[in-house]
Amino acid sequence: MLYQYNNLYFFWFENGASNITFLEYSKGLIAFDSSLYPKKFNEMTEIIEDKTGKKLKNIYLTHYHPDHSFGAIFNKKNLHITMSDLTFKYLTNFTENQLREISKLSDFNFSDININFENKNIELFTNTNYNIIDDIIVSSKIVGGHTTDSTIYMLKPMNVLISGDLIFSKVHSELYNSNIDLWVNTLESLKKINFKKIAPGHGKPGESDLIKLQLDYLLSDNDRRLKDDRFKNYLLNKIIL
């Protein structure tokens with residue numbers, strides 16, 4: 001599904017697959033995350049490039065999980081990719097066995113990630129980063145919680161949050177190895193901001209009520225989630241780690 005809000009284009013999927021967001025500006029396009037498969041990422045990029053008449057210039061990654069990052073990294077194109085130094089550390093430390101297992105699960109050869117980094121222009125930041133694009137400030141911050149490197153991007157003055165997997169919209173959250181207390185504290189801080197739009201890591205884009213729903217989900221134990229009517233229609237997404 002493609003949803004447009006001003007100069008933002010949100011690709012989200014009814015099966016709960018990972019989302020991609022595009023920002024259009026005067027000289028081109030920026031993507032936030034890139035799906036698992038290079039072909040899928042290329043197809044969505046071509047749709048937005050045809051729609052806007054502009055070319056993709058940069059990709060920002062929210063965290064290292066393959067369903068958000070591999071579409072850009074294993075792409076044949078010479079792409080400019082911005083990410084935290086922590087995300088880069090995790091991406092370059094996948095073991096051969098891990099990559100072999102991911103390849104088997106996804107039916108795609110992800111066997112050698114380091115070779116694919118060679119034809120990419122990688123821009124790294126530590127903890128926080130700010131880029132001014134036209135009259136838009138892209139504010140980047142590692143917040144942790146879902147993963148140690150979980151990064152959010154806030155677009156100002158548009159008041160738009162690119163949350164990555166800090167927020168799942170009517171999709172069951174991946175909690176393995178997560179720091180739930182830190183995750184909750186971060187969401188409590190974000191709840192104070194009146195976001196006009198939120199692009200979650202999975203599921204339909206929304207507004208600030210998505211933060212409250214995610215908090216309720218995290219503060220409920222597994223047994224309560226199964227019984228709670230609010231969560232009974234949530235999708236079970238197969239996230240490849």
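Guide: What follows covers the cores, a helix pair and several individual residues. This is a predicted model, in which local features need pLDDT of at least 70, side-chain atom pairs count only at pLDDT 80 or more, and totals for chains, interfaces and linings use all residues. Residues are numbered from 1 along each chain as its sequence is written, and side-chain values use heavy atoms, with hydrogens and water left out.

Visitor: Which residues touch the most other members of the largest nonpolar core?

Guide: They are F22, I59, F70, L91 and I113, in a core of 30 residues. A nonpolar core here is a set of buried Ala, Val, Leu, Ile, Met, Phe, Trp, Tyr and Cys residues joined through side-chain atoms within 4.5 Å. Buried means under 20% relative accessible area, exposed over 50%, and partly exposed in between, with a 1.4 Å probe and protein chains only.

Visitor: And what is L91 in contact with?

Guide: Leaving aside neighbours within four places in sequence, L91 is in contact with L61, Y64, S69, F70, I73, M83, I113 and F117. Contact means heavy atoms within 4.5 Å. A second, separate core of 21 residues includes W183, V184, F195 and Y234.

Visitor: Next, the helices. At what angle do α6 and α7 pack?

Guide: The angle between α6 (residues 180-190) and α7 (residues 209-218) is about 155 degrees, and their axes are 10 Å apart. That makes α6 roughly antiparallel to α7, a label for angles over 145 degrees. Axes are lines fitted to C-alpha atoms, for helices over the stretch in contact, and angles run from 0 to 180 degrees between N-to-C directions. Helices are DSSP runs (H or I, at least four residues), as are strands (E, at least two), numbered from the N terminus.

Visitor: Which residues make that contact?

Guide: From α6 they are I180, W183, V184, L187, E188 and L190, and from α7 they are I211, Q214, L215 and L218.

Visitor: How many residues of α7 are buried?

Guide: Seven of its ten residues are buried, so α7 is mostly covered. The buried ones are L210, I211, Q214, L215, D216, Y217 and L218.

Visitor: Changing topic: where is H146 found?

Guide: H146 is in the loop between β9 (136-142) and β10 (151-156), and it counts as buried at 1% relative accessibility. Not counting residues up to four places away in sequence, H146 touches H63, H65, D165, F168, E174, N177, S178 and W183.

Visitor: N177 is on that list. Is N177 buried or exposed?

Guide: N177 is exposed, with a relative accessible area of 64%. N177 lies in the loop between β11 and α6, and has a positive phi of about 65 degrees although it is not a glycine.

Visitor: What about the phi of D33?

Guide: Phi of D33 is near 70 degrees, again a positive value in a residue other than glycine. D33 sits in the loop between β4 (28-32) and α1 (38-52), and at 3% relative accessibility D33 counts as buried.

Visitor: Which peptide bond is cis?

Guide: The bond from K156 to P157 is cis, with omega near 5 degrees. P157 lies in the loop between β10 and β11 (160-169).

Visitor: Finally, what does N75 touch?

Guide: Apart from residues up to four places away in sequence, N75 touches P38, F41, N42, F70, N119 and K120. N75 is in the loop between α2 and β6 (80-84) and counts as buried at 2% relative accessibility.

Notes:
Angles under 35 degrees count as roughly parallel, over 145 as roughly antiparallel, 65 to 115 as roughly perpendicular and the rest as oblique.
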